[in-house]
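Thanks for asking me to look this one over. Here are my notes, as a few numbered points to read alongside the model.

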Amino acid sequence: MALSSEALTTYATARDVIGLGHDDAQAAQSHIERIINAVSEAMVKAAWPKVEYQLSVLEQTLGKQAYLAGGALSLADLLIRPVLDVLE
């Protein structure tokens with residue numbers, strides 16, 4: 001399963017914000033792809049109730065405020081985007 005171009009762009013933005021080098025970014029992308037390829041459909045089905053719960057917590061938080069961790073954009077906001085892209 002390849003990462004979407006949007007997920008990669010978001011990851012690249014987060015990478016630039018936290019200052020990862022090119023080699024570090026390639027290693028991280030390779031690691032993410034290995035994890036995605038190792039996940040079975042049964043594992044996803046078993047974990048889905050927990051995912052739905054966490055998404056409801058995320059929705060509740062963002063229903064009250066514009067950002068995850070306070071009143072301004074933070075690393076939490078940047079890092080959650082690729083996760084949500086994968087869930088799409």
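1. How many helices and strands does the protein have? There are 4 helices and 0 strands, and along the sequence the elements follow the pattern α-α-α-α. Please keep in mind that this is a predicted model.

2. On confidence, the mean pLDDT of the protein is 79, with 74% of the residues at 70 or more. Helix α3 (residues 41–64) has the highest confidence, at a mean of 90, while helix α1 (residues 5–18) has the lowest, at 59. Where pLDDT is low, the predicted coordinates should not be read in detail.

3. The helix pair I would look at is α3 with α4 (residues 75–87), whose axes come within 13 Å and cross at roughly 130°. An angle over 145 degrees would count as roughly antiparallel and 65 to 115 as roughly perpendicular, so α3 is oblique to α4. The crossing of these two helices is left-handed.

4. Which residues make the contact between them? From α3 come Trp48, Val51, Leu55 and Leu58, and from α4 come Ile80, Leu84 and Leu87. By class, the contact of α3 with α4 has 7 nonpolar residues, no polar and no charged ones.

5. Two totals for the whole protein may also be handy. Of its 88 residues, 14% are buried. Among contacts with a separation of 6 or more, 59% come from residues 24 or more positions apart.

Technical notes:
Residues numbered from 1 in each chain as written. Predicted model: local features only at pLDDT ≥ 70, side-chain atom pairs only at ≥ 80, totals over all residues. Heavy atoms only, no water. pLDDT = per-residue confidence, 0-100. Axes fitted to C-alpha atoms, helices over the stretch in contact; angles between N-to-C directions. Parallel < 35°, antiparallel > 145°, perpendicular 65-115°, else oblique. Left-handed = near helix turned anticlockwise from the far one by under 90°. Contact = heavy atoms within 4.5 Å. Nonpolar A, V, L, I, M, F, W, Y, C, P; charged D, E, K, R; others polar. Buried < 20%, exposed > 50% of the residue type's maximum accessible area, 1.4 Å probe, protein only.
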